[in-house]
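Hi there,

Here is the model we talked about, with the sequence alongside. Have a look through it first, and my notes follow below.

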Amino acid sequence: MKVESEEGLPGFHRVDLLRFLVTQMAAAGLADWRFEPADNNGSALDRVEWSFKLNPYAGGEVRNLTHTLVYERQYGVRRPITIEVRLYLNGQYQTLVEKQAIIRGGPDDPELASVVATVTQSLLGPTGAYRAIDVGQRPTQPAR
Amino acid sequence: MPFLRGALSALVIVAGAILGSFGGAAAADEALFERDRFSGDWGGVRKEGQDAGIDFGANYVAETLSNPSGGFKQTTIYQGLLDVSLTLDLGKLLDWPDASFYIDGYQISGRGLSRNGIGNLLAVSTIEALASTRLHDMWFQQEFLDHRASLRVGQIALDDEFYISQYSAGFINSTFGCPDIFSTDLPSGGPCYPFATPGARFRAAPIANFTVSAAAFNGDPAPPGPGDPQVRNASGTNFLIGQGGWFTIAELAYVFDEEPVSSSHLSGIKLGGWYHTAAFADPRRDTHGLSLASPSSNGIPASHSGNFGAYLIVDKMLWRRPETATQGLAAFLRVGGAPADRNLISLEVDAGLTFKGLFPNRELDVLGAGVSYGRIGFARRLDRDQVLFTGIDRPVRDYEAVLELNYSARIAPWWVLEPDLQLVFHPGGFTSAPPPAPVSQPIPNALVLGLRSAITF
């Protein structure tokens, strides 16, 4: 299963983001699925598409007089985001899971790692959205 | 280049040795020039602290500036600023959702070039202040409505969040940060560097890309009395409330040009307005409406009830290099106005261009050119009156302007080196040079050369 991301996520370059997603999806412990980063040769037939959208945020800032790269590169503050994950099999759209989360961003963010694993479970796990389609049932609780 | 890199490494290593064991524990984690912060992750302690809700920060800015020509005295200065901060995530620490506490303090050393060599209004450095150790911010913040609103209460700095241009903030001249229409016109310089004052700030982001902010600050950061306000409030711990009226400000911001990889916004427009409730002295007229320069004047300036102003800020990415996140050419414009009958600077216009990644293999460096113009209010009429009434030829203040060329070289994620050049036109607004120069002689235009080093520990 290829892993793609249409949009980026603060704190990551695109290649690093796909690698991070694959690692955290694997950490969800779903033995039936194997994940790998998508290449740049168009969309794969079997794929999981991630998208991240920053939610309106009124947290504010403090002044930084140094302008070192670390402040520019690192997300640094917690931000609310909406995560959408779409599943495609044989090129056909199957289902969608959406979740809101508060993250710091970057590869060392435990909340982000946790939410990626949780969303993966919600999408592909034994009680996830795809299994619900598979057995003709809706999931008992929408993943929000 | 290998020699230069080696020399830089040696310099940093020496600095690290001076700072004791700061960087030692994490030395093996990442190469010195690859890690995010100079002192690394402290063997995992920093990350453990962040995960637990405790985030410690420290930055040191050091610079040397010189005016080889112009100003009232040619001199070279060194100035340093150590900024230490602590952020507590109260949600993690106390199970108090969406609440945080922030405190930071300054240790300012050395002396400023504008004060000691040039005598100008648009201070040539963002860190210029009297040497001191002082509390800066200390506030509590609560976010609510799904983080679409927040309330911040405590000791707050105006230049944390208001009148900010993302492309002008990298320049060294102070007016590209907190503008001089605030730091010159407001009592004691207002809640701008190095001051923060008690106040409250509300911010809301009702829909994507829009934020509205409003704040009320104590009117004067320093207690009344003679002398420099930075001496009157020498430690930042006066916690004055209701002193010198109230300063209120509101700002509407719209951001656009979302960069697809990082989701950061490359362009934006801000519109703001402010009101101060204190009484402000007329720079030209006395209480009878006569010129203060007139021999018939009682010498008591007329008083105006309140003060106000408005501003517009535009940041625009003009051209982004394909396949990059933020590299390219960007422009900024800041325009602020205030009544000329109660403000030394009645109009300030800042504009400039920045180019990130201009040179090959230096993709993260930023080259910037900025200009700032501050028009003198009715004080210029007072100067004319003085010439008229005394018959003594003297300069008539009209404006002060600064042209700055700056190059920010990102040596490492934690280290920036900035060679800088500034031209200061009409220092002090075209005012007389201090004695023993004759009163008819204005302070000459100044050339400023400098180098700044900024390190994040």
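Which strand of chain B does B:F202 lie in? B:F202 belongs to β6, which spans residues 197-204 of chain B; helices (H or I, at least four residues) and strands (E, at least two) are DSSP runs, numbered from the N terminus.

Before the rest, some housekeeping. Residues are numbered from 1 along each chain as its sequence is written, while chains are lettered from A and ligands numbered from 1 in the order in which they are written. This is a predicted model, where local features need pLDDT of at least 70, side-chain atom pairs count only at pLDDT 80 or more, and totals for chains, interfaces and linings use all residues; side-chain values use heavy atoms, with hydrogens and water left out.

**Surface patch**

Back to B:F202: its relative accessible area is 36%, so B:F202 is partly exposed (buried means under 20%, exposed over 50%, partly exposed in between, with a 1.4 Å probe and protein chains only). Together with B:F144, B:L145, B:L151 and B:V153, B:F202 forms a nonpolar patch on the surface, with about 430 Å² of accessible area in total. Patch members have over 30% relative accessible area and no salt bridge, with like charges joined within 9 Å and nonpolar side chains (Val, Leu, Ile, Met, Phe, Trp, Tyr) within 5 Å. A salt bridge here is a side-chain nitrogen of Lys or Arg within 4 Å of a carboxyl oxygen of Asp or Glu. Areas come from the Shrake-Rupley method with a 1.4 Å probe, and for residues only the protein chains shown count as cover.

Most residues other than glycine have a negative phi, and most peptide bonds are trans. B:H147 has a positive phi of about 70°; it sits in the loop between β4 (132-144) and β5 (149-156) of chain B. With a relative accessible area of 9%, B:H147 is buried. B:H426 also has a positive phi, of about 55°, and is placed in the loop between β15 and β16 of chain B. B:H426 counts as buried at 14% relative accessibility.

There are cis peptide bonds to look at too. The one from B:Y193 to B:P194 has omega near 5°, and B:P194 is in the loop between α5 and β6 of chain B. The one from B:P435 to B:P436 has omega near 15°, with B:P436 in the loop between β15 (415-425) and β16 (446-456) of chain B.

**Cavity and pocket**

On a 1 Å grid over the protein atoms alone, a cavity is a set of points where a 1.4 Å probe fits but cannot get out, and a pocket is an open set with protein on both sides within 12 Å along at least five of seven lines; lining residues have an atom within 4 Å of a point. The count is 1 cavity of 30 Å³ or more, and the largest cavity holds about 40 Å³ of space. Its lining includes B:Q155, B:T197, B:D220 and B:F239.

The second largest pocket has a volume of about 770 Å³. Its lining has 32 residues, with B:L121, B:S183, B:T184, B:G189 and B:Q230 nearest the centre. Helices α4 (113-118), α5 (180-183) and α6 (229-232) of chain B each supply at least two lining residues.

**Chain A**

Chain A has 4 helices and 5 strands, in the order β-α-β-β-α-β-β-α-α. Of its 144 residues, 50% count as buried.

Best wishes

How values were computed: Points joined across faces, edges and corners; volume = space filled by probe spheres on them.
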